[in-house]
Structure formats: structure tokens, C-alpha cells
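Subject: Structure handover

Hi,

Here is the structure I promised you. Please open it next to this email.

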Amino acid sequence: MENYFTDNPDIQWHFEHLDLEEIVEALEEGYTQAGHYDDAPASYEDAREGYRAVLEMLGAIAAQEIAPLAAEVDREGAHFEDGKVRYAAGTERALKVLRQAGLMAFTLPRRYGGLNFPGVLYTMATEMISQADASLMNLFGLQDIAETIYEFADEPLKEKYLPLFARGEVTGAMILTEPEAGSDLQSVRLKAVEQPDGTWRLYGVKRFITNGCAEVSLVLARSEEGSVDGRGLSMFLVERCPELVVRRIENKLGIHGSPTCELQFNGVPAVLVGQRRLGLIRYVMSLMNGARVAVAAQAVGIAQAAYEEARKYAEKRVQFRKPIIEFPQVYDMLARMKSEIQAARAITYEASRLMDLRRILERRQESSRDPALRTRAKEVSSWTSVLTPMAKAYASEMAVRAAYDAIQIHGGAGYMREFPVERLWRDARITTIYEGTTQLQVIGALGGILSGALSQYLSLKGERDYRPELARLALLAREAREKLASSVTHLKALNDRDYTDYMSRRLVDMACDCLAVHLLLDQAQRDPARLLVAEKFITDAMPRIRMQAEYVAGNERITIEKRAELI
Amino acid sequence: MRIVVLAKQVPDTKNVTGEVMKPDGTLNRAALAAVFNPEDLNALEMALDLKDRYGGEVIVITMGPPRAADILRDALCRGADRVILLSDRRFAGADTLATSYTIAQAITTHLMPFDLIACGRQAIDGDTAQVPPQVAEKLGIPQVTYVVEAIEMSNGRMRLRRDLGRREEIVEAELPLLITVPRTANRPRWPNARRLLKYRHARCGFELEAEARRRRAEVHQVLADLKARGLYIETWGAEEIQADLSRIGLGGSPTKVKKVDSVVLKGRSLRFFPPDDKGIKELVGELIEERTFG
């Protein structure tokens, strides 16, 4: 029986080598939770066994229940009739299975009905669900909304809503985007009006809202009349009600199972979450970071599915009297796909793990004045901030490439609806766009690259004694670090804002390759069996890194200066 | 309402490889993974669904070797309230007569009064489908086979839909009642994650010593702890169910297997009959001669 967890050696490797002891110890409050909850682990080993059992089940559900429904969900899509949204039959079925299996609240604490798992396990789960049906991830992934309520809302709100999320009785939506506020969320206009009794009502229009038909949603709205920037925005919780009208759902290229709604707010009753004015700058930023890791995982899942299809087809398809997998151009595509998937997975899981670590260090810091702890928390926070957008940018762009090549390997057959690769490409395509386009991720990562936070992280990873057979690769990794460092130095010395922005994509691409080089080398150091893929990836990545460094050093300004004539 | 589900751990015949048949044609059980008999999962699902609708408790009982505790843990993870392992060396080698006696005996000694017994239609190893009807006979209760839907339960009666292949029947029967459930009835639910995290620690009587060694504790302490946390799998032998020793195990089994043939149908054993009156007449004649009919 197929199982996306046990059948995937790379996920297995990560699970075996997850460095979670400190995180789990904190989540389980020194394993004292075992005294109160009979599903809580008594030790780290016990916790890991439990994680394995749950992920094994999820891997089976993904492969055996959800994947067989994906093609039909794509064909049928979500429906919009009489002002109401209805999921495709397969989506309903999959949600019922996940609900019954208690998989809709991975990270929520047990007192609200959650599993109290580290976020990185949720990231793995998200990947496997996406491998089965990328559109279902948009509903499975909305667990981040409950997580945001848990992080920032008052206790009464938590007690009211979190158990409903945990039992899967409600789904959520994060309602941010407006027709004139896409990437630029600071210009959100949806109006929040405070009522005499202290409650709020919302007026305006939102669009491109994933699962906008949800029972419980978080909404970004302008609570400070006359304000124009992000500091006038607050976060509100709304329930589905007659004043909240779904005007239409979008007809999209991919992820057909996920309803994308246009919403009209006609005085929707709302409850303020947390403090006024912190809606965008604190809460949505936190929510988005979680969502970015989730989209990275979604992208890795889609790429994995595309790779599996492509390899299967290339082994079977005979042309010129041999299976096409024996032609160098074809096997190179497959080998590249596989090594890049592993690179993206390594970056995504590491970003997710750092996010877990940041959360526990921040909590620990609240009750401590230890300066060493403060330094460490700050350090981990700076790494998380740079790795998160890198994970999203790298994994999503990689997934589009992988799906593109998967169609290419199928030839004409891949262009046809009968094979799943065209759906995978359509589904992959959104991942470079939503939760912040690649271009926004580049902006998000730029700060942490220029500040040296990433270099510091890479040095910690890279400057150590490698096993002798890794000497050559370690040398290449050092070269990659140096290329990145000299590019950063160059840009800082130039101190030319336009040029830095113009080169930012190249710099971030180089940084992503450089990060992956280090993570894969680290894997090879821990396990000789990982050497081959590391070697393949590093061999492919080095010329790219050198090329980008050459671009950055070139001071080419022709596109900036002659853009009017060039475009 | 009390629902008892009869379950069996069986070799995973869906994933048979070459080596699982011994030269004499019997199963080499050691080489096969052991799984929850698929149609017993359908019976469990129907029981859990009835519990969701009408309340009550679901008790799963199995007879088998100690490792059959695996399917009981699985049943707990899927939502069973209580599970019982019937295991005793003296139960070994039982045919359907001795098996149904043992199970019926366990029910009459410990699980009365019950409302419903739900069973899978048949097990994928023996394929006899004989145990559930024999249990019903021994308990003196009505039985309804091939139940694909429990439509309604009220006033001590159940309305059921039976799938008989070419037609369906809606029947009503009085409780207590035994039903058998085929694969087409439903899709069994998966384990629930929180239950899985809890009940993976459940242990049966045979696992107590190993558990005590692992925890470096005394067996009676482990037993008390497991019981207190609802993690003890009740384990009954011949004494616990006051069994008549002459009716259990190999000694209580009149069935004797004379010979096992491994039958593989090949293309040449097929015969085609033309679809006309003459052909049909020939076919019927052949079937009578082969004793398939009559």
C-alpha cells in the first residue's frame, strides 16, 4: 500500500535526523504534560514514536484516500450556486477523513484539542497532503489561522474558537487582499467602525480570498480613520453571517478544489484580535510567515508528485528502441529534479524548525533576563526571518521548474489531461505568487542577507572539520560563501539603492543555492549515504553561484538607465 | 446500547509473494504480514457509526495468538471503547465450530446483555463465512447477513438493508441481533490521531512482562497503571470464559483437512459456450455433471 511518508527516503531521512530535542522538551513543558493528558509523551523518544505513528497514518491517508480523488477534484472544482460555495465532492470526502482522523490541529495545544506537535511536523504533513492534492492543502493549511488566534487573541476567543478548529467543525480564512491592495497590504481600505458598545463592524470589499466562505475568518481592516499606512490596520475575527456576502468565486488556472472568493462586507460584526494598529505589522506578518513555510511545503509536495510521475513515465516510454530514461537529456532532468527537491525540502524544513525554535526562545525570554538567552533568541530570530522567504522563493520556483520538466519528459502526452503532470504544473504555478510573490520574498530576504545574518548562519554550518572524502565539496562550499560575501560587500560599498534592488533577485538566488549547498553538505557529513545527491547539487549549483556573483560585480546599469527604450 | 464486534487478525493475502505458500500448499503465516481482516473493519465502522448516531459502547473481541493484540490496539485507535483478547494455547487449531463456541462462551459469561453483534462477512484467510452464523445460533438470536446499511434503530428493532448482489432487501429484525457486513457497506474510518497517540501504549496480558522489563517495574504495578489509564487489553483464557475444554481448540474441532490443492486457473481450462439456446443447454448440462448445480 502506498504511503507518502514511509515510501519517501528523503522525508524518512529528515524525520530520523530532526534536531528537535530542545523544541519538544519546551512544548511538552519538560514532559510534565504526560501527567495531564493521556496522549502526551513521557520522553523525547516516546514523542518521536508518536510523531512517526501519526505521520505514517497521514502518509497513508494522503496516498490512499486523497491522491486518488485529486484528478476529479480538479475537473469538478469548487461550486458557487445561490450565493453559496460548495466544495467538490472529493474535497468534502478528504476533509471528512482528515477531520475524523483528528489531523486538523497539528500544533494547537492539547487543552484546545490539538496535537501539540512542533511546526516542522506540520510542515511535513502539509507537504504530503500537497503531494496528494495541492488544492486540498489550501484548506488543510488554514490551521495557521487557529495558530494565529492562539498566539494573539484573548483567552475567551481562544476558548470559544480553537476547539471548533481542532475538531474540524469550522474552517478558516485569512482575509487580507483587496483589489487595490495585493502585494502592498499597507494600502488596505476595508473599513472597521467601532460601535458604541465597543464591538466593531466591517465595510468594504476583499478579493482573491482562499476559502472566503469559511465559518471563522481573520480580517485585516483599517480601524484608524484617516490613517494611510500599515500602522492604521487592525486584525478582526468574523463569523460567517448574512452581512458577509460571497459575490463570486474565481475561475483559476489551477488549485480548482480551493474556492477563491470575492467578498463584500456590509457591516459585518467583528471582534478585535489583540491590540489595535498591530494588525499588519505584527499579527499578519506572523501569520504570513507561517503561511510562507506552508506554501514552500506545498511546492515541495507538488514537485515530488511531478518527479514521481516523470520518472515512472521515462522508465516506461520507449523511443528509438529504448526507454527514454536512458537518454542523457532526460536522465539529467530527472536527476536535477530530485536534487533540487531535496535542496528545497532541506531549506523548508530548516526554516520551519528555526521558526519552532524562535517561538520557544521568545517564550522563554519573557520569563528570563539571561543575556546569553537574549542573544541566542535574537540570532535565531534573524536566521528565521531570512530563511523563511528564501524557502518560499526557492521551493516555489523549483516546483514550477520540476512540473515544467515533468511535462517535457512526457512529451505530447504530458500536455493532455489524461496525465496528471499538466495539473501539477497548473497547481505549482500559484505557489510563486500567493502569500507574497517571489519578488516580495526577495525583498523579504534581502535585509537578512545584506545584514550578514545569513552569512553568520552559513559560517556556523560550514566552518568545521568535514570528513576527508568531503574535502572537495567543503572547499566548494567555502567558495560559495565567499562569493556571496563578496557580492554583499560589493553592493554595500556601492551604496546604490536602485542597483541593489535591480540585483536583488540574483543575490537571493545565489543565497538560496549557497544555503542549499551547506545544508546538503551537512547531510553528507552526518550520513555518507547522502553524499551523492549533495555532490550532484553542488556540482550544478557552483556555476550558477559564480555567474550570479559575476553579474553583481559587473555594475551593469544599462537596464536601469535605458529602461524606457528597452521595454 | 452495547455493540459487540467480532474481529480476526489474518495474513495479508492481498500482498502475497512467492514464498508464502509452503510446498504442501498451506500458508506460511510467518512470512505474511498480519492485518485486521478487511470486512471486520467494515463491521467496526458500522458499529462506530451506530454509536455516533445512538450512543452506547462498542466492544471489539478477537480470538487469536498474543500478537492479535495489534488489531485490538488498532480498534481502540479507531474509536472502540473496550477490547478483549481471547487467547489461550488450548484455543489453538480451532475450526469454525470450536471458534464460534469459544466466542459465544465469552459473550455469555461476560458481555450480557448486548444489543447487537456486528461481524465482517468473512475472513480473507479461511473464507468460510461460518463463524458469525454459528455464534448467532449458539446465542439463540436472529441473524441478518450481507447488511450494507443500518437504516434505523427504534423500539428494540432494527431496519437493515441487505445487498444480495442482484437485488436488495430491506428487513426488520428484533434486537438482540447478529449482522454480517460486506466490504461494500462503507469505508472504514482511519485511526484518530489523539487516540493513536494514547492507545499505541495499550498492552494485553501477554505483553505485561516485557512492558515491566522496559519500565523496570513489577508486573502488578504495570497492570494497575495500565488499568487506571484505560490501556489494559482484557485478556481471557479458557478459565475466564468457563469453557468446556472438550469443545475448544483442536480437540473441539471435528473438521479435518484431508488435502489442500493449490488450484491455478489457466487459459486452457476455460471452455466457451455459444450464447444461443444450444450453448446454454450444454452449459447447464456441464454444470450439473460437475455438481456445481444440484
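Below are some notes on a sheet, a helix pair and the domains.

This is a predicted model: local features need pLDDT of at least 70, side-chain atom pairs count only at pLDDT 80 or more, and totals for chains, interfaces and linings use all residues. Residues are numbered from 1 along each chain as its sequence is written, while chains are lettered from A and ligands numbered from 1 in the order in which they are written.

The sheet. In chain B, 3 strands form an open, antiparallel sheet in the order S8-S9-S10. Strands are DSSP runs of E with at least two residues, helices are runs of H or I with at least four, and both are numbered from the N terminus. Two strands pair if DSSP finds at least two bridges between them. S8 (147-154) and S10 (168-174) of chain B are edge strands with a single partner each, so one side of each has no neighbour in the sheet. S9 (residues 157-163) of chain B is joined to S10(B) by 7 bridges. In one of them, B:Arg157 partners B:Glu174.

The helix pair. H5 (residues 119-132) and H10 (residues 328-366) of chain A pack at about 150°, with axes 8 Å apart. Axes are lines fitted to C-alpha atoms, for helices over the stretch in contact, and angles run from 0 to 180 degrees between N-to-C directions. H5(A) and H10(A) are therefore roughly antiparallel, a term for angles over 145 degrees.

The domains. Chain B has domain 1 (2-252) and domain 2 (264-294), with bounds from an automatic or database domain assignment. Their centres, taken over C-alpha atoms, are 40 Å apart.

Best wishes

Definitions and conventions. Parallel < 35°, antiparallel > 145°, perpendicular 65-115°, else oblique.
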